[in-house]
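Dear colleague,

My notes come after it.

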Amino acid sequence: MQELVLIQLGRTGETDLQRGATEAALRREFEERLAECGPLAFRVARGVLRNTADAEDVAQDAILRAYHRFDKLRDRGRFKAWLVRITFRLALDRAKSFNRRQHRETLWSHSERKLAPPTAEDLAAANQFRSRVDRAVDELPEKQRLVLLLSAIEGHSLEEVAALLNIPMGTVKSRLFFARKQLAEKLR
Amino acid sequence: MTCNHYKQALLELAASGPETKPGPKLQAHLQACTSCRGAFENERRLFASLDSCLRASANCEIPSSFSPTIRARIQQEVQQEVPQESSAMRGSGRATDRLVWVSALAAAAILLLIVARLDLRLKPQPTEEPFVTQPAQSPSAPQTTATNPLQDAHPQIAPATRKRFAVKISTTLNKHSVLTGRGEPEILVPPNQEILLARYADRWRRRHQSPSLLLTETEPTQTDPLQVPLIQIAELDVKPLGPLAPDQESDQEYDQK
């Protein structure tokens, strides 16, 4: 009886050790991948939100979410695409909620609508063309928008974008083509 | 082919990106037609500026605080997870102990409740015993049996209600009553007052019965007027006073002194 108890305790300790080691290995792997994919997550969020602070916040949220579910990811090679999707979705949600809030504030404000005075950042960063491009990009369908964004980030090739989104090359080409065409039509 | 036909193709070529080369027919037309070439160049410039704008926007500098903040947040999450796990391990034992205690207390309370209810049921109902023990009948005392006036006044009340009544009485008459082992009030009456109490009880009972008597339906019957016989008083017989008794004489002497 005494021996059995001792053996059981040993097994429990061993299991704890194994679990701890697995967790440590997972954490190490995640951090390695994070160094590679963290900037991409931030840029995707920045491309959607066009605000550094918000983009940082969203990217951090997305990375933490990925961290919590990292052990459930079957194919670790798909981490980059997975993180990009999470970030893109979170950024879109944030942008939508921001737009809703802005719309509400506009409705509740005085009937005489006034344009918000441009901030120092706006004056420094934006020109007319850029703001038009941003507006046109916002109106694109989500799928086209993501392809356009990823192809613009870090000079990703179409093959890389296709691999990242796990979609055929032809689909990437067509989405990019229609996205650019729509943008040109709006900017012309 | 007209320029309009090529125009659409040129726009699509420009939208396809700078890497895409025009076909031989389109290339020939571009070389021949200056307006189409100009339009194509314009489109290319537009797309070039669009691409540069998108790239500039997409490839902005990453804040230096981004990576350290992320690592710090992950570290924080890890540290939060560890105490949670250990506290969950410790807490599970405590929770089990607490559960055992709570269930034991609940069981004890239920048992007490059951016992109390059983005790209440097993207690004998208040019997129709006389309220006061009947004293020895004196010839002048009326023939009344002093029963509990409350019991007689409410014959329709259920035993349980009567029981509650009895308890109330026992609390109000606490000073003058002694609770017997069965919980029946027994009033201690000073000597020679049993009859008075019995009379009071009888009167009380009759007073409380009268409304019920009034309420009872009676057959409407013709009653004859009451006929009372004439009172006949015999002649008064006046007698002179006799000599005083010896003890009466001594009283008179005492008064004179």
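Predicted model: local features only at pLDDT ≥ 70, side-chain atom pairs only at ≥ 80, totals over all residues.

Chain A first. Chain A has eight helices and zero strands, so that reading from the N terminus its elements run α-α-α-α-α-α-α-α. Of its 188 residues, 36% are buried, and its accessible surface comes to about 11700 Å², with 52% of that belonging to carbon and sulfur atoms. Among the contacts in chain A with a separation of 6 or more, 70% are accounted for by residues 24 or more positions apart.

H6(A) is followed by A:Glu154, which has a positive phi, near 50 degrees. A:His156 is placed in the loop between H6 and helix H7 (158-165) of chain A, and with 11% relative accessibility A:His156 counts as buried, since the cut-off for buried is under 20% relative accessible area. The side chain of A:His156 reaches the backbone oxygen of A:Leu150 at 3.0 Å. Leaving aside neighbours within four places in sequence, A:His156 is in contact with A:Leu40, A:Lys80, A:Leu150, A:Ser151, A:Val161 and A:Leu164.

Now to the interface. The size of an interface is often given as the accessible area lost when the parts come together. Here chain A and chain B bury about 3300 Å² between them, and 64% of this lies on carbon and sulfur atoms. A:Gln60, A:Leu64 and A:Arg180 supply 19% of the area that chain A buries against chain B, more than any other three residues. In terms of residues, 39 of chain A are in contact with 35 of chain B. Between the two chains there are also four salt bridges and eight residue pairs in polar contact, counted where both residues are at pLDDT 80 or more. On the side of chain A that touches chain B, at least two residues each come from helix H1 (2-49), helix H2 (52-68), helix H5 (128-138), helix H6 (142-152) and helix H8 (169-187); H1(A) gives the most to that side, with 12 residues.

A:Gln60 is placed in helix H2 of chain A, and at 7% relative accessibility A:Gln60 counts as buried. Which residues does A:Gln60 contact, leaving aside its neighbours within four places in sequence? They are B:Phe66, B:Thr69, B:Ile70 and B:Arg73.

The salt bridges come next. Side chains of opposite charge can pair when their charged atoms come close, and the structure holds 16 salt bridges over all chains. One of them is formed by B:Arg71 with A:Glu31, where the closest N and O atoms are 3.9 Å apart. B:Arg71 lies in helix H4 of chain B and A:Glu31 in helix H1 of chain A, so the pair joins two chains. Both partners count as partly exposed, B:Arg71 at 36% relative accessibility and A:Glu31 at 27%.

Within chain A, the side chains of A:Asp57 and A:Arg94 meet in a salt bridge at 3.2 Å, N to O. A:Asp57 lies in helix H2 and A:Arg94 in helix H3 (residues 79-108) of chain A, so this pair ties together parts that are 37 residues apart in sequence. A:Asp57 is partly exposed, with a relative accessible area of 32%, and A:Arg94 is partly exposed as well, at 24%.

In chain B, the side chains of B:Asp202 and B:Arg206 meet in a salt bridge of 2.7 Å, N to O. These two residues both lie in helix H7 (residues 194-215) of chain B, four residues apart, about one turn of the helix, and B:Asp202 counts as buried at 8% relative accessibility. Salt bridges that share partners also join A:Arg50, A:Asp134, A:Asp138 and A:Arg145 into one network.

Last, the surface patch. B:Ile110, B:Ile114, B:Leu118 and B:Leu122 form a nonpolar patch on the surface, with about 420 Å² of accessible area together. B:Ile114 is found in helix H4 (residues 66-122) of chain B, and with 44% relative accessibility B:Ile114 counts as partly exposed.

With best wishes

Methods
Residues numbered from 1 in each chain as written. Chains lettered and ligands numbered in written order. Heavy atoms only, no water. Patch = residues over 30% accessible without salt bridge, like charges linked within 9 Å, V, L, I, M, F, W, Y side chains within 5 Å. Areas by Shrake-Rupley, 256 points an atom, 1.4 Å probe, with all protein chains shown as cover. Buried < 20%, exposed > 50% of the residue type's maximum accessible area, 1.4 Å probe, protein only. Contact = heavy atoms within 4.5 Å. Buried area = accessible area lost by both parts, 1.4 Å probe. Polar contact = N/O pair within 3.5 Å; in protein donor to acceptor, adjacent residues only side chain to side chain.
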